[in-house]
Structure formats: structure tokens, C-alpha cells
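Please report on the fold and the contacts of this model.

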Amino acid sequence: MPTLVDLLERVSFLAAMPATAGLLVTAGLLVVSRDWRLNVTALTVQYFFVVLLLTRLIRLEVAAVKGLTGWMICMVFYLTERRASVLEQSSDAEEKALARRWILSARASFCLLAGILVSVAAYTAALRIPLPEVPTDITLACYLLAGLGMLLLGLSESPMQVGLGLLTFLSGFDLFYVALEPSLAVAGLLGAVSFLIALATAYLRAVQIAAASEGRAL
Amino acid sequence: MIAGPLLLLILPLAVAGIVYILLRWTSIAGLLAMIAALALGFAVITLPLDQPVRFWGGRQIAMGEVVTFFGRELVLEPDDRVAMAFLFFTSAGIFFLAWRFVPHSLLHPMGLALLSLLSGALLIRPLIYAALLLEIAAALSVFALQSEDGPPSRGGLRYLTFTTLALPGLLVTHWLLERYALTPDETGLLGMSAALLALSFALLLGVVPFHTWVPAVTNDGVALAGTFVLTIGNGAVWFLLLDFLETYPWLSDHPRFATLTFSAGLAMVVVGGLLAPAQRRLGALVGYAALVDSGAALIALGMDSKLGLTLAFMSLLVRPLGLILVSAGLSGLRARNGGDDDIDTLRGLGRQAPWSTAALIFGGLSMAGLPVSAGFVWRWALCRALALSSPGSALLVLLASVGIIVGVWRGLAALLMHPRAPEDRSIIPLRSPEGWLTAAVVSVTIIACVGVGLFPQALTPLAVQLAEAYTFFTP
């Protein structure tokens, strides 16, 4: 049976511009979508592309561990949102969904436009201000992730969206920083930071669900 | 033999675990957390660094021993002792009031865990790891800031966001400076490092326009946890900033250092002073008062002199007294008002909760820097020092204090009004429902606050000693 490292080696041909394009799509989806299923899937795929790019900068095993941390974070988000969706189903779901569709379309258009603007800015920055120690395509990936992550932070105050934004921003920084400081201790601490951010935002989401349920009960 | 630095990291974590298990018994948990913080504070101050001390069972503790932890050095230097003691004693004070005002919150166990992380941030070398530990501490503080039955804490999220945004600057600066050491001709690296450090510390200290997290942490959630962030967390950031200035003297020698720091502080004072009286909620008022205090401390640092540095340390030492009191009062009032601290809804509550009201008023006056309060001690000295070099700034600092007083006055007026409905008046008890223990705890803290205001010589030598440890302003 192939190991995770073997699997990563097999898809290493994607670890250049295709991975950067994949990151643009996944981070863009996170900015535009408010559907938790789509968001968790996008984050999972995003970590996959980040790991692919990381394999060019650090040892495959370390990149794989970073990927595992990311996928564990996705699992935390999945479990939290799944529980939230079960609790939210008890309310008048159909009416809400109809209303949300209209609200989403206006909001999603704005988010899409803002995402495109940030992506263009990231592309220009990658050409004009190249990051040291990393190739151009990874520079672009870093700028895209950091920029779209910050956009996510600015667009919403919902705990999950903020969490997704922080993790996307940190992924972009991590991609750059591993080239500067390949120390395992720093890699471990950055992994711990990401995991704690995920736990903190999931905790706040749980509080949000509990408060909403209590409000409905009253 | 037990190495002191390791003890300062592991013991709070271990006690945090025990306190979490005992959380159901609020008095035991609260007092255990307070005693642990006090004991560690006394250990840092009293145990000698140059020789091991024998404890019961023949165990020895060597406070000054250098510990290697995952390849990084943890060292307690003589200059760090007062800073560490400040963290532990302030935490003990917060735990003391939290025991009476928010006994069911996660503040006690999380506070101890945060103490361990922030101690690590001050002890670890190189400084790059301190940035990572600060970030982990920020993520943990979200749990402490969240109240039991309230909506999700926006303050915690914002604090976490701004700390995360500050992280890259601090980490990359370390790499830039290492590269500069290898290629000293590339002076552009220094400029880039200075810019990144300025941005990162602006985010961490809540400099305008990155200040939105400061009122947010006091506006919702557990007010005393907000105080923990604004005193202990902020204190650790201040000591880290000063460590950077001490390690890289070219930073304080930079021609724009004084102007930039002074202007940043002034902007905080003006924004805080203008927005404080306009707040409808007491929590936000406390946040803006803390912003003014932080800004005034930055102004002191921007004076680019030993006196300024001493005043900045004085502000760090006295800020907890006012902020702890005001947050305790806020917690007490929120608890009796369904979690709401809107000034309009607090009408008449002062009669039901006199001790919380007293804590809020004394703490608020100390945050404003009014005479006979702890805050006056350093604020007046700052105004006198500024009056000679920059009278306009001194006036702005005084006006900011007036802004805070106006806010506190509005709160006091609402609290002391008669309740609107006659049926509400009939339920006012003759005796305070807060209990004698709460009254005693608040009284002790108010006495400490006024005591420091009347006898500042108790703290001034400490501030001078701290300032002496840093040499970057020495001509």
C-alpha cells in the first residue's frame, strides 16, 4: 500500500503553476462561498496544494506532516459545522434558504469582485516585489493566500469565516517562511498556532450555535 | 536539581490543569490559582540567581540556570526578574477579583496557561520564538475571553486576528537581521526590519488605526479576561519591544524612532479621549480608557530619554490597579443586568450593587489619572515632563483624561439614579446583595489603588530599577 509520501511524490508534477492556480481557485471559493460543505472541501484541497508547493522547499516528510495538521483542522471544522447544521435544521429552513439565496447572490458578487481585485494586486506584487529565497510561482501563491486570507478577515465577523481567513493567511506566510527558516521547532510551533486558531474559532462557532438555539428555545 | 526557568513554565501549566479539574469548587479553584501566581512571583523576586536553593525533600532549585528546551535557551536574567514578577503579581490580583466576580469562567485555568506561555516568551532566546509563543497565547485567550452564556466574543476574534497579522513581521525581521549580520553592506535590510517591527508592534499594542481590538476585548465577554489581555499580555508585548530595542540599539538610534513613537502615542490618546465619552456601553468606555493609557505610555517612550522610559514602566506597573478595579465593577454590574452594560439600562443599579459601582468608579478615575488614584502618579509626572518640551501634547493628554472622566460620570449618574418603575424601587434591599466577601475584596483593591496614589514611592524605585536595566537611551 502506498504511503502518504509516495502519493505526494506521484503528484509532484503538479507542484508548480497548476498548484498555484489551484490555490487561487480554492481561496477564491472560500471568499465567495458561505456554504460550509464547499468551504471545508476548498480548505482541504487548499492544504493539498500548499503541501505540493512545500515539497519544493522542505523535506517531503515535513511537508506531509504540515499537510496532516491542515487536514486535521479541516476535520475540526467539518465536525463543528455538521453539528451546527443539524441544530439549525430545526428552524424554518426552507424560508431561510430562499431568503439567503437572494442575499447571497448580491454578497457573493461583491466578494467575487473583491477577490478578483486582490488576485490582480497579488499578481502585480509577485512581479514587482519578488519574495527572497522562493521562486516566482511560489511568490504568487504566497501573495494570493495572504491577500485573499486578509480579504476574508475583512469581509466577515463570523467565527468560521475569520478562522478560514486566518488559516489561509498563515498558509501563505508558512509557504514563504519555510524557505527562510527550515527549523523543525518553528515548523512545529506554526503548526500548533494553526491548530489552536482552528480550535478557538470552532469553539466560538459552537458558542454561536448554542446562543442561537437558546434564542429559538425562548 | 530543578532549573528555575523550567519551573516557571511547567508549574503554571500543571496548576492550570488542577484548577480546571476543580473549577466546580469556585473558591478552591480561584484561590489556588491566586496562590500559585503569588508563590511564583515571590520565587522570582526572592530566590537568588547565582546559587541553588535547597527545598524540602532535599530538592534544589537553581533559578539562574540556563535550560535548553528543544534546542532553544531559556534563561532568567537579573533584569527579567521584575518583569516576571509583574506578570505573576498582576495575575494574582486578577485571579483574586475573578474569584468573586466571574468564578465560573475559564479565566483561572486559562490565565495560568497564558502565564506559562508569556513567561516563556520573556525567557526564551532568540526572540523569534517569543513571537510564536505570544501568538499561541492569543489563541488561548479566546477561551478565557468568552463568557459562559453570552454570544461569541468579537473581542477575542479581533485580538487573535491582529496578533496573527503581527506574526509575519516579527519572524521575518529575525531572518533579515541574521542576513544583515552576514552582509553588513546591505543597509536596506535594516530599514526593512525597522518598518516590519514598527508595523508588528503597532498591531500588537493597538496603535491607531489598528486599535479596534482594544475596545472590543472589554466590550463583550469576560471583562476581567480582557484586563488580563490588556495588562499581562500587553505587558509581555512591552517587555518584548524593550528587549528588541536593547538587543538592536540601532532601532532606538533611528532618526524617526522618537517621532514615530510619540506620534503613535498621541494618536491613541486623541482617538481614545474623543471616543470614550461618546460610548453608550461601559465596556467600550473601559477599552478606550485603556487605549489612552497605552498611548500615553508610548508618548513617554517617544520622549527618547531615561525619564520617559521610567514613566513608561510606571504606567505598566500602575495600570493593572485601575483596570482590574474597573473590570471587576463592570463584571458585577453586567451580572446583575443580564449581561448588558448599556448605560441606559444600568439606571438605578448602583443601589443594588454598591461595591461593583465603587470598583467601577475608583477604577475609572484611576484610568483617567485623577488625583489620589494610582493612575495619577505617572500621568501627572508625564504631563509635567511634556509641559516643558511639548505643551500641546501635555494638553491633549489632560483633555483625554477629561474625556474618560465624562464617560465615567455618565455611568455614575445612571447608576445612582432612582429606578424608573416603582416596583423596581420596592425590591431595593436594605443590605447589599453582593456579600461581605465581595465587599472585602473590592475594599482591599480600592485601598491598594488609593494607597499607590498617596504613596507612589512604593512603586517608583521599581520603575527606576527597570529603566536602569535598559541601556538604549543612555547617552
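## Conventions

This is a predicted model, in which local features need pLDDT of at least 70, side-chain atom pairs count only at pLDDT 80 or more, and totals for chains, interfaces and linings use all residues. Residues are numbered from 1 along each chain as its sequence is written, while chains are lettered from A and ligands numbered from 1 in the order in which they are written.

## Chain A

Chain A has 8 helices and 0 strands. Helices (H or I, at least four residues) and strands (E, at least two) are DSSP runs, numbered from the N terminus. The order of elements is α-α-α-α-α-α-α-α.

Chain A holds 218 residues, and 41% of them are buried. Buried means that 20 or more other C-beta atoms, placed from the backbone, lie within 10 Å of the residue's own. Among contacts in chain A with a separation of 6 or more, 72% join residues 24 or more positions apart. Two residues are in contact if their C-beta atoms, placed from the backbone, lie within 7 Å.

## Chain A against chain B

The contact uses 23 residues of chain A and 22 residues of chain B. On the chain A side, α7 (159-180) and α8 (184-217) each supply at least two residues. The most come from α8(A), with 12 residues.

By class, this side of chain A has 20 nonpolar, 1 polar and 2 charged residues. Ala, Val, Leu, Ile, Met, Phe, Trp, Tyr, Cys and Pro count as nonpolar, Asp, Glu, Lys and Arg as charged, and the others, Gly among them, as polar.

## Domains of chain B

Chain B is assigned domain 1 (1-171 + 212-244) and domain 2 (264-475). Such bounds come from an automatic or database domain assignment. The domain centres, taken over C-alpha atoms, are 23 Å apart.

In chain B, 29 residues of domain 1 are in contact with 30 residues of domain 2. On the domain 1 side, α3 (80-101), α8 (213-219) and α9 (223-247) of chain B give two or more residues each. The largest share, 10 residues, belongs to α9(B). This side divides into 16 nonpolar, 10 polar and 3 charged residues.

## A helix pair in chain B

The axes of α13 (residues 306-335) and α15 (residues 354-368) of chain B come within 7 Å and cross at roughly 145°. Axes are lines fitted to C-alpha atoms, for helices over the stretch in contact, and angles run from 0 to 180 degrees between N-to-C directions.

Residues of α13(B) in this contact include B:Leu321, B:Gly322 and B:Leu333. Those of α15(B) include B:Trp355, B:Phe362 and B:Met367. The contact has 12 nonpolar, 8 polar and no charged residues.

Key: Buried ≥ 20, exposed ≤ 12 C-beta atoms within 10 Å, placed from the backbone.
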